[in-house]
Amino acid sequence: MQNFHITLADLSQKSASQMFISTDGVFNARGRVLGGGTCINAGFYTRASASEIKKAGWDAKLVKESYPWIEKQIVHKPDFGPWQRAVRDSLLDAGISPFNGFTYDHKYGTKVGGTTFDRFGRRHTSAELLASGNPEKLQVLVHASVQRLVFDTSGKKPRAIGVIFKDENGKTHKAMLSKRMRSEIIVSSGAIGSPHLLLLSGIGPKAELERFKIPFVLDNEFVGKGMSDNPMNTIFVPSKKPVKQSLIQTVGITKLGVYIEASSGFGQSTDSIHCDHGIASAEIGQLSTIPPKQRTHDAIHEFRRRKKKLPREAFQGGFILQKVARPLSAGEICLNNTNIDDNPLVTFNYFSHPADLARCVEGLQVVEKMLESKHFINYTQIDEDIVNKLINMSVVANVNLKPRHTNDTESLQQFCKDTVITIWHYHGGCHVGKVVKPDYRVIGVDRLRVVDGSTFDDSPGTNPQATVMMLGRYMGVKILRERLGEGARV
């Protein structure tokens, strides 16, 4: 857990995290190892709401069976410390009640959720769920990097027949489906990777495919469209004394369409404190004298090389985060080139819909009430006019590439726009009914499915990883029952 921020900030080719910057100017990240986002996220585990399950058209009984299958293997109860207790109590003071205790369920009020970090701070990922499989019938190519899908287009409908991939030495291989009738390819490359792979394989808007001279397989104008990311804004709360590190544990589920969460501290050693903590760092004011368009990766890292002289006290405290649920603003994924290792062009159009902006303001007003609570006043280094001073500090932080406005502390709307960052809950690009059918088969193509967050209309629950993993188990059981009937024994 101590390496959470460092992993996100690692820009090397061997990093588990692949950084990208959306065209909106917001830093973001995607997992690029087996286990995907579960290898780099903050570990918070909480289920989707009953209404979200119903809206998705899922079998509620099988969903109820699938969540515990994950929880028994990789989910833990967090070590609940003083900072998170202050968050809990201030949320209740702000009216986000009742307190629902420790639960995986999605309930209005304040709750403590699960975590994929165990009591020793070790991360557990979805890759560990492979241990439940039959090793005699399962082959995992850890270093395989998919380049594109292969299709047979000689019939009335395109048919997926194989995958081209590269190994760790850059050598190209081709894996072909067997001729058994129900053999199929299942794409689970995430909300960025899956639509990107379809586009590079010839499935998408015909004009875009022709522009990059990609062999045409199927014209579908919706591939890569309707991309959404839940906008997040944070306020850094400095503390009078060192705070133990905690990632997301407590959440306030409001009826305003926003979720309130919090994290605190970093690694406990002096060396870790001065490491590169990426977009989640607490170096308030960093690079504030550099114009936004000049805040390059090189400039950021040069600053971080110099920051070793900063006192440890500059890193004491934590963040209160507020996330807009079910954003109405949407964007798209477009090709940047034909190299799948490069990020595509990603646009989320944060706050382009006025309803999202209104909910952000309402969420910040809840945070203001929290900051004025006695539970946080006991922590903070600032005694008077606490809210405006903390907002001022957050405004000048280097959280994105957007320009700042002088009226940020007076206009919460402007603060929302100027300080927007991601909580990595982006979704869409292969929506059900537009790119895939309800059984996740790709529309207009045989023997191909997409099963991941790219199919979601909304990010489920307060944090989606529980439901993404549940969907994998859910669809695995569905497919086995479809193929084997009672013989599936699941």
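**Exercise 1. The disulfide**

What is the torsion about the S-S bond of Cys360 and Cys416, and is the disulfide left-handed or right-handed? Work from the predicted model shown above.

*Solution.* 
Step 1. The sulfur atoms of Cys360 and Cys416 are 2.1 Å apart, and a disulfide requires them to lie within 2.5 Å. The count under this rule is one disulfide.
Step 2. Read the torsion. About the S-S bond of Cys360 and Cys416 it is about -100°, so the disulfide is left-handed.
Step 3. Cys360 belongs to helix α9 (residues 354-371) and Cys416 to helix α12 (residues 412-418), so the bond ties together parts that are 56 residues apart in sequence.
Step 4. Consider the surroundings. Both Cys360 and Cys416 are buried.

**Exercise 2. Burial of individual residues**

Determine whether Cys39, Cys334 and Arg489 are buried or exposed.

*Solution.* 
Step 1. Recall the cut-offs: a residue is buried under 20% relative accessible area and exposed over 50%.
Step 2. The relative accessible area of Arg489 is 78%, so Arg489 is exposed.
Step 3. Locate Arg489. This residue is found in the segment after α13 (465-484). The C-alpha atom of Arg489 is separated by 9.3 Å from that of Val477, and the two residues are twelve apart along the chain.

**Exercise 3. A sheet and the helix across it**

Describe the open sheet that contains β18, and state which helix lies across its strands.

*Solution.* 
Step 1. Order the strands. The sheet has three strands, in the order β13-β18-β19, with antiparallel pairing.
Step 2. Identify the edges. Because β13 (225-227) and β19 (345-347) each have a single partner strand, one side of each is left without a neighbour in the sheet. From one strand to the next, the twist averages 35°.
Step 3. Examine one pairing. Strand β18 (residues 331-334) pairs with β19 over three bridges, and Cys334 stands opposite Leu345 in β19.
Step 4. Helix α5 lies across β13, β18 and β19 and runs at about 50° to β18.
Step 5. Of the eleven residues of α5 (residues 190-200), ten are buried; among them are Ala191, His196 and Leu200. After α5 comes Gly202, which has a positive phi, near 100°.

**Exercise 4. Aromatic rings**

How many aromatic pairs does a search of the whole structure find? Classify the pair of Phe20 and Tyr426.

*Solution.* 
Step 1. State the count: the search finds nine aromatic pairs.
Step 2. Classify the pair. The ring centres of Phe20 and Tyr426 are 5.9 Å apart and the planes stand at 75°, so this pair is edge-to-face.
Step 3. Locate the partners. Phe20 is in strand β1 (residues 17-21), while Tyr426 is in the loop between β20 (421-422) and β21 (448-450), 406 residues apart. Both Phe20 and Tyr426 are buried.
Step 4. Examine another pair. Trp83 and Phe376 are also edge-to-face, with 5.2 Å from centre to centre and 70° between the planes. Trp83 lies in helix α4 (residues 82-93) and Phe376 in helix α10 (residues 374-377), 293 residues apart.
Step 5. Look for a cluster. Ring pairs join Phe20, Phe348, Tyr350 and Tyr426 into a cluster.

Definitions and conventions
Residues are numbered from 1 along each chain as its sequence is written. This is a predicted model: local features need pLDDT of at least 70, side-chain atom pairs count only at pLDDT 80 or more; totals for chains, interfaces and linings use all residues. Side-chain values use heavy atoms; hydrogens and water are left out. Helices (H or I, at least four residues) and strands (E, at least two) are DSSP runs, numbered from the N terminus. Buried means under 20% relative accessible area, exposed over 50%, partly exposed in between (1.4 Å probe, protein chains only). Two strands pair if DSSP finds at least two bridges between them. Axes are lines fitted to C-alpha atoms, for helices over the stretch in contact, and angles run from 0 to 180 degrees between N-to-C directions. Contact means heavy atoms within 4.5 Å. Rings of Phe, Tyr and Trp (its six-membered ring) pair if their centres lie within 6.5 Å; planes under 30 degrees apart count as stacked, over 60 as edge-to-face and the rest as tilted.
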